[in-house]
Amino acid sequence: TKDAAYVNIMQFINDWQGAGAKSETLTDFCDKEAGVINLKCKFYLGFHKTNSLCGYEVFADTRINFKIKDGKYKVTAAVDTFTFTWSCGGQSETIAAAECYPDFTAKTRLHYVKKAAVDIIPSTPDKIKGVVLSLTKSHLQADDF
């Protein structure tokens with residue numbers, strides 16, 4: 001039912017922290033009666049070490065939308081941007097997904113971003129699909145995604 005799906009999704013959002021508890025999820029919009037839940041997520045993708053002291057933590061800034069109607073649901077996930085946070089000093093930079101995937105084309109002020117993007121970003125679709133699959137299979141009892 002719509003109510004059961006809503007409760008399961010909200011429970012998952014509260015429980016899920018992602019890799020190393022660095023990922024963040026917050027509810028952007030939620031209408032239980034209409035069966036709509038929109039999330040904004042910051043998925044931790046990994047750490048790219050650039051020298052003996054420092055590196056980048058890479059996050060995928062993602063939107064996940066759930067539409068629940070008549071005992072069925074639709075899940076849509078989209079990555080809008082990637083955020084690179086420098087571990088020595090916390091400086092960060094956000095780059096549009098179109099400039100990072102499949103090939104890194106952005107010109108940035110952080111000169112190690114290109115290598116981090118080439119190493120980590122190609123795995124993004126599979127990582128996000130894995131999270132959404134675990135949500136739908138474990139909590140919504142879906143057969144297919």
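A nonpolar core is a set of buried Ala, Val, Leu, Ile, Met, Phe, Trp, Tyr and Cys residues joined through side-chain atoms within 4.5 Å. Buried means under 20% relative accessible area, with a 1.4 Å probe and protein chains only. This is a predicted model, where local features need pLDDT of at least 70, side-chain atom pairs count only at pLDDT 80 or more, and totals for chains, interfaces and linings use all residues. Residues are numbered from 1 along each chain as its sequence is written, and side-chain values use heavy atoms, without hydrogens or water.

**Nonpolar core**
- The largest core has 32 residues; Ile64, Phe82 and Phe84 touch the most other members.
- Strand E3 gives the most to this core, 6 residues.
- At least two residues each come from elements including helix H1 (2–15), strand E2 (36–49) and helix H3 (124–139).
- Helices (H or I, at least four residues) and strands (E, at least two) are DSSP runs, numbered from the N terminus.

**Aromatic pairs**
- The whole structure holds 3 aromatic pairs (ring centres within 6.5 Å; planes under 30 degrees apart are stacked, over 60 edge-to-face, the rest tilted; Trp counts by its six-membered ring).
- Tyr56 and Trp86 form a tilted pair, because their planes stand at 55 degrees, with centres 4.9 Å apart.
- Tyr56 is in E3 (55–69) and Trp86 in E4 (72–86), so the pair ties together parts 30 residues apart in sequence.
- Tyr56 is buried at 2% relative accessibility; Trp86 is buried at 15%.
- Tyr56, Phe84 and Trp86 make one aromatic cluster.

**Charge over a ring**
- The charged end of Lys42 sits over the ring of Phe59, 5.5 Å from its centre (cut-offs: NZ of Lys or CZ of Arg within 6 Å of the ring centre and within 35 degrees of the ring normal).

How values were computed: Buried means under 20% relative accessible area, exposed over 50%, partly exposed in between (1.4 Å probe, protein chains only).
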